[in-house]
Amino acid sequence: TMSILAKIAEIENEMARTQRNKATAHHLGLLKARLAKLRRELITPKGGIYLLLLPGFTCFDVAKTGDARVGFVGFPSVGKSTLLSNLAGVYSEVAAYEFTTLTTVPGVIRYKGAKIQLLDLPGIIEGAKDGKGRGRQVIAVARTCNLILIVLDVLKPLVHKKLIEHELEGFGIRLNKQPPNIGFKKKDKGGINFTATCAQSELDAETVKSILAEYKIHNADITLRSDSTADDLIDVVEGNRVYIPCIYVLNKIDQISIEELDIIYKVPHCVPISAHHRWNFDDLLERMWDYLQLVRIYTKPKGQLPDYTSPVVLPDGRTSVEDFCLKIHKNLIKELKYALVWGSSVKHNPQKVGKDHVLEDEDVIQLVKK
């Protein structure tokens, strides 16, 4: 039996040799599905024993403290540790040679009232997703991040960027992407029911059927609501993808000209910095805050001024009064009669609202108990 890695290499080679056109789209789609299945086997070993039980995992299972978690990824010696320690004042063993950061020391910074955990994700480099190095454990943690910062050396960014993105993609992490707009529902009978609500440049009924057949799925409803690729379909079928925003941090800008810097500023998702000189950290933090999309809610005890120093921080999309109560204590919602809210989410200040009311950033809330 060939090893999984050899099988992956073989398929990747075949894909590289195949010209991309209408005639080969079907064949490439199948190869992509096979590749995705093999990659999943690498990350989740056959016995179904998930990563957390692997020996040596314990030191990497970082407790999630704070309101958001930001993972730092980068090749050795691009200044990632310097950036982390200068941002957080965290002591992470910094040395000029490769592979020094072996265990993760999370730093926590306070920014705009939110506690943000900074995590070094060491060893996500070539070969990590093949289970070499400490790759596997790091991936499990990377998948729980709310934001990923890819630290690149401004003098040689593109090669590194490609490699790191390839690694993270291989682990089912999708950067700066929305989940594909594809409806997928397995059924017991009735065959493959395929509908596309708009023109498709890559997928047709036959290709969709054969990709699903590769997953032994023969009865399902598939609705393509946007122009989708084979990769999109595979992501939806695999169902274990995580969609994480990402910022490319270009370090060592003290080594380039002002003209070059102007160009970098126009690249989407990029922030140029100098970790060593602490240049442009404010810009980086502001951009991190934008991408994290956190919502701060201030509490107001009855008859007192709101407490603006320690907001309750909620992730965007889960900001109802009920979510707010759950964040404070799981039994609080049972005692809630109604809430008074001041801020942009209400028409009147204060306004009486129920548990389903959706709060917005910097609202002030007072809970009234039964």
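1. Start with the lysine at K37: its charged end sits over the ring of Y215, 5.8 Å from the ring's centre. Keep in mind while you look that this is a predicted model.

2. There's another contact of this kind at K352. Here the charged end sits over the ring of Y338, and the distance to the ring centre is 4.3 Å.

3. Now for rings meeting rings. How many aromatic pairs does a search of the whole structure find? It turns up 2. One of them joins Y111 and W289: the ring centres are 6.0 Å apart and the planes stand at 70 degrees, so this pair counts as edge-to-face.

4. Where do those two residues sit? Y111 belongs to strand β2 (residues 107–111), while W289 is part of helix α9 (residues 281–292), so the pair ties together parts that lie 178 residues apart in sequence. Y111 is buried, at 16% relative accessible area, and W289 is buried too, at 8%.

5. Next, have a look at Y298 and Y308. Their ring centres are 4.8 Å apart with the planes at 75 degrees, so this is an edge-to-face pair. Y298 comes from strand β12 (residues 294–299) and Y308 from strand β13 (residues 307–315), so the parts tied together here are 10 residues apart in sequence.

6. Buried or exposed: which is Y298, and which is Y308? Y298 is buried, with a relative accessible area of 6%, whereas Y308 is exposed, with 52%.

Definitions and conventions: Residues are numbered from 1 along each chain as its sequence is written. This is a predicted model: local features need pLDDT of at least 70, side-chain atom pairs count only at pLDDT 80 or more; totals for chains, interfaces and linings use all residues. Side-chain values use heavy atoms; hydrogens and water are left out. Rings of Phe, Tyr and Trp (its six-membered ring) pair if their centres lie within 6.5 Å; planes under 30 degrees apart count as stacked, over 60 as edge-to-face and the rest as tilted. Helices (H or I, at least four residues) and strands (E, at least two) are DSSP runs, numbered from the N terminus. Buried means under 20% relative accessible area, exposed over 50%, partly exposed in between (1.4 Å probe, protein chains only). A charge sits over a ring if NZ of Lys or CZ of Arg is within 6 Å of the ring centre and within 35 degrees of the ring normal.
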